[in-house]
Amino acid sequence: MTKIVIDPLTRIEGHLRIEVEVENGKVVDAHVIGTMYRGIEAMLRGRDPRDATYVTERVCGVCAGSHGWASSMALDKAFGASVPAGGRIIRNLIIGAMFLHDHPLHFYHLSALDYLDIMAVAQYQGKDPGLLAVKEKVVKLVAAGDTAPLTPRYKPDEFSVTDPELVTMAVGHYLKALEMQAKAKKMSALFAGKQPHQSSIVVGGVTMLPNIEVVEHFRSMLLEQLDFIEKTYLQDVLTFGTGPLLPLAQTGVGGGSPHYMSYGGFARDNAGKDLFFKSGLIADGNLSNIVAIDEKKITEDVQYSWYKASANGKTPYTEDTIPDLAKQGAYTFVKAPRYDGKPIEVGPLARMLIMQPKGFMDIIAKYNIKPGAVARHAARAYETLLLVKDMFTWLDALEKEMGSKDFRIHDTDHWEAPATGQGAGMTEVPRGALGHFIKVAGHKIENYQMVVPTTWNFSPRDDLGVRGPVEQALIGVPVPDLENPINIVRVVRSYDPCLACAIHLINPVTNDVQKFQIGW
Amino acid sequence: MGNFDLLKVKGVSRRDFMKLIAATTAALGLPELFVPQAANALEQALKKPPVIWLEGMDCTGCTESAIATLNPSPAELILDMLSIRYHETIMAGSGNKSEEAYQEALKEKYILIVEGAIPSKEDRFCMVGGKPFRKILIEAAQKAQAIIAIGSCASEGAGIPGACATGAVGVGEILKAEGISTPLINLPCCPVKPTTLIGTLLYYLTYQKVPALDSQKRPVAFYGTLLHDNCPRRGHFEHGEFLKDWNDPIQKQYCLLLKGCKGPKTYTDCAQVWWNDNTNFCINAGSPCSGCSEKSFYKEFSPLYAKQENFDIPGLGPINADTVGPVIGGAAAVGLGIHLVATVASGRLKKDHKEGL
């Protein structure tokens, strides 16, 4: 048995260390370890509750807006605020634009380099002027002896795409996607003030009273995104997923937990009944039985986390967050969230399996794709297309609201913090189900907890010793060459990890890998 | 191969390049006379300077902000302008491959960009590659030709992490503690403004020296003016018109002081150079300034959304927001007194700030 440590695992958000045991060319055990702790939740205690939307927004600068959004929903409930339609739709547009930013960026800039033999570009023999320009660019970088940051890298393997035409096209799209992600942030900023780290979303609604020019500017930029997502992004994912990567897709490498959850998100009515992303839970892979979610069944374990056992219970409203660096047997400060005691996968694959849109289910069935790394990319791309199309109807709804005499964006009557209150903001953000939980006492924050998508997916073992979803997904992953653990990073990155979000993290010990094994 | 040829093969046209230089030179307040010189110097520099980009206790928001630029494009920034040898979020390699790239880069004359804060109390709060981030930073800082600390977390005061119990500090505090004399430029804001970062890089590459800095080591070119003095809503402040209801189209452009705006204490060019390709900025979106370019952010500026009980403007003494009076909607001015106070305040402030530089 050989131990492989990958640290830092790059092209993710935050700091992540992966340790796996490999036997006979396959992973037999895995630990995922976050290596940073900022302590933002604890810092919020005792502060003006309205600060929470601004401060938690800064938890993550990639899924910018997500935490501010979830926080505002938790505060809305605690304050008793009812967000007017204008505020609700503008919030949705701000975050929707960031989905269009996050998903292609994840595919092209964070993941694609794991699947492409980028140097194959030099072999391109075609005559397409666009592709020739890409070839020229890469060849000149090579000639100048400076290919950073595209190298150094893991060696391409049997799953890597090596066809010069396909690779050259993909590199061209990598460059195009760089421009599109900047434009998506610009769209979001039209309503949000700026991106990353919008400032428009506050308790009770938003601060930006729009005019029609801003709405139409957003619409014209949305058209450009639709074109890119439909004809380039989704097309590329399908070309690769049903082409060179089909063996990886059909064997379901990186499958993981059979339990999936989505809180539902993007309300299209004020009552919150008509959600774009459906809410529900799948247990044991049974796609024909989607059950309703009960917030009370969410708990967090800390047996293997560098955390003091909470004296105040395990639910997000009550639990403590007190680091304990000396705790025996612990290996990470990611807490272990469980639903009804189960580890749960959240994110685009969970959302699509719960929503079951026909186009997506048809692709899965036609190519016999199993849940795993490739399926996650496909789900992510497919939901981006569904979302960008739906966003046009949100703009229509906003314009209709703007035409009414009492167009409102904010519940000004509930701006001051109440003496007491509590609330949960549970929604879907690019990486999955996000929950913010607040308790207010004496007009101040008494407790604040975030249970974030990456905490669900990158959870450690729970109190019963059951591995978290990614730890499960790594079991059985082929590592034919111990010097080149490329499949491991493919599986890990398919979850789009955001370790700065999963902020209960800490790397406990030292360089000494052996020490990690004591007490496991 | 001449250096401009090298530029060309990287896909940068001379026209684009000159446009960028002209814009940057203007932003830095240099006469146009400097443009050809700057272009020339940059062509020389465009063997692409090696860059090591470290991330500590961060959220990757500054990286995301840097690639939010549209002019130059993000591809020009990360592939053409700079040779980014180490950057965890964009580099191909992981684990030993990224370590390999890092060790190679350390041998060169690199610029060090730092994003995120550094835990000063407990090294284990931020570990990379099994090593304390603090120690990685110290090694890289000693060998760098210059250091650019980007965003509030890496700058003095350490932004939001600075308010947490981890003892988070900015790069400057570490350099001071370790006696490291490598030139440091702080570019606070949450996240860093892409225009500020690119402008500073171009200036440094052009003149091979750090631009004029203020007492917080921020380039005066970008942080030399008080937001309040340049605020598009300043007229409403002086007329005592303060926003109370975000739904009211009449109040839409009113001053945000009662919503907690920190503009009167914040030095930044946000009002002149907007974000995301000049699309918007907090105040234009109706959001009070949080003061994120100041070392007092966030700890001393909380609560963010409450009117300042004591607005202690230097040289004037406290302005209590209550003395500003309640807003009665419409254009009701609440008194000539406030107008005068504000004018005096701005005059004094400018004077004091200049003296402080």
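**Entry 1. Chain B as a whole**

I began with burial in chain B and found that 54% of its 357 residues count as buried. I noted that the model is a predicted one. I then looked up the secondary structure of chain B, which comprises 16 helices and 11 strands. I also looked at contacts in chain B between residues at least 6 apart in sequence, and 70% of these join residues at least 24 apart.

**Entry 2. A buried strand in chain B**

I turned to strand E9 of chain B, residues 184-187. Leu184(B) and Asn186(B) point one way from this strand, while Ile185(B) and Leu187(B) point the other way. I recorded all four residues as buried. Which strand did I find paired with E9(B)? Strand E7 of chain B, residues 146-150, pairs with E9(B) in the parallel sense over 4 bridges. Within this pairing, I found Ile147(B) opposite Leu184(B).

**Entry 3. Where chain B touches chain A**

I looked up the interface next and found 72 residues of chain B in contact with 72 residues of chain A. Several elements of chain B give two or more residues to this side, among them helix H1 (3-9), helix H4 (61-66), strand E2 (83-87) and helix H14 (275-278). The largest share of the side of chain B that touches chain A comes from H6(B), with 5 residues.

**Entry 4. Confidence in chain A**

Before reading chain A in detail, I checked its pLDDT, which averages 91, with 96% of the residues scoring at least 70. I marked residues 503-520 of chain A, where the pLDDT is below 50.

**Entry 5. A sheet in chain A**

I traced an open sheet of 3 strands in chain A, in the order E13-E14-E15, with antiparallel pairing. Why is one side of E13(A) and of E15(A) left without a neighbour in the sheet? Strand E13 (420-429) and strand E15 (444-451) of chain A stand at the edges and each has a single partner strand, so one side of each has no neighbour there. Neighbouring strands of the sheet are turned by 10° against each other on average, direction ignored.

I then examined one pairing: 10 bridges join E13(A) to strand E14 of chain A, residues 432-441. As one case, I noted that Gly421(A) has Val440(A) in E14(A) as its bridge partner. Helix H3 of chain A, residues 66-79, packs on the sheet and touches E13 and E14 of chain A. The direction of H3(A) makes about 145° with that of E13(A).

**Entry 6. Two crossing helices in chain A**

I compared helix H5 (residues 129-143) and helix H6 (residues 164-192) of chain A, which pack at an angle of about 85° with their axes 9 Å apart. H5(A) is therefore roughly perpendicular to H6(A). From H5(A), the residues that meet H6(A) include Leu131(A), Val134(A) and Val138(A). On the H6(A) side I listed Thr168(A), Met169(A), Val171(A) and Gly172(A). The residues of this contact divide into 5 nonpolar, 3 polar and 1 charged.

**Entry 7. An enclosed helix in chain A**

Lastly, I looked up helix H9 of chain A, residues 348-355. I found 7 of its 8 residues buried, so H9(A) is largely enclosed by the rest of the structure. The buried residues include Pro348(A), Arg351(A) and Met355(A). After H9(A) comes Gln356(A), for which I noted a positive phi near 50°.

Methods: Residues numbered from 1 in each chain as written. Chains lettered and ligands numbered in written order. Predicted model: local features only at pLDDT ≥ 70, side-chain atom pairs only at ≥ 80, totals over all residues. pLDDT = per-residue confidence, 0-100. Contact = placed C-beta atoms within 7 Å. Buried ≥ 20, exposed ≤ 12 C-beta atoms within 10 Å, placed from the backbone. Pairing = 2+ DSSP bridges. Axes fitted to C-alpha atoms, helices over the stretch in contact; angles between N-to-C directions. Parallel < 35°, antiparallel > 145°, perpendicular 65-115°, else oblique. Nonpolar A, V, L, I, M, F, W, Y, C, P; charged D, E, K, R; others polar.
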